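User: I am new to reading structures. Can you take me through the charged pairs here?

Analyst: Here is the model to look at.

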Amino acid sequence: MNILYFGRKSDKYSIKLYEVLIRNSNVNVIWSNGKKNKIDFKLNKKIDFIICFRSHYLLKKKHIKLAKIAAINFHPGTPKYRGIGCINLALLKKEKIYGSTAHLMNTQIDNGKIIDVKYFKVKKNENLSDLLDRTHISMF
């Protein structure tokens, strides 16, 4: 299986997922290190899956179409909260339930067909850092 993996450089969960993927698959990895990353790569082989996990890259249709089977994004929020800043909004609205979403990618941000959503309770007086960490664990 050939995977094109987009992960966040220096992020422990992105690195852990990469380590899991390389055990049984051929993986090309593209690490993001900031919000202004430009996609500039050439592939010499077919890609079965594209997996985006905590990556800053926004893939265009031409990139998504490279995946023969599926392009999957792991989003640190529920379908109610798409895009960036979603955890902040959930805390601001005092949500009692939060979670993470795995979905097929399309050209809109965090909009594709949902594969799975993992929900968990937000702890009373939970801060942003703790909720982020629990969300990233849930995504992993």
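Analyst: The structure holds 5 salt bridges. This is a predicted model, where local features need pLDDT of at least 70, side-chain atom pairs count only at pLDDT 80 or more, and totals for chains, interfaces and linings use all residues. Residues are numbered from 1 along each chain as its sequence is written, and side-chain values use heavy atoms, with hydrogens and water left out.

User: Why is the contact between R54 and D11 called a salt bridge?

Analyst: The term needs a side-chain nitrogen of Lys or Arg within 4 Å of a carboxyl oxygen of Asp or Glu. R54 and D11 have an N to O distance of 2.5 Å, so the pair qualifies.

User: What makes D48 buried?

Analyst: Buried means under 20% relative accessible area, exposed over 50%, and partly exposed in between (1.4 Å probe, protein chains only). D48 has 12%, so D48 is buried.

User: How do you know that K68 is exposed?

Analyst: K68 has a relative accessibility of 60%, so K68 counts as exposed. The side chains of D48 and K68 meet in a salt bridge at 3.6 Å, N to O.

User: What does the pair of D48 and K68 tie together?

Analyst: D48 lies in strand β3 and K68 in strand β4 (residues 67–75), so the pair ties together parts 20 residues apart in sequence. Strands (E, at least two residues) and helices (H or I, at least four) are DSSP runs, numbered from the N terminus.

User: Why do K80 and E95 count as a salt bridge?

Analyst: Their N to O distance is 2.7 Å, so the pair meets the definition.
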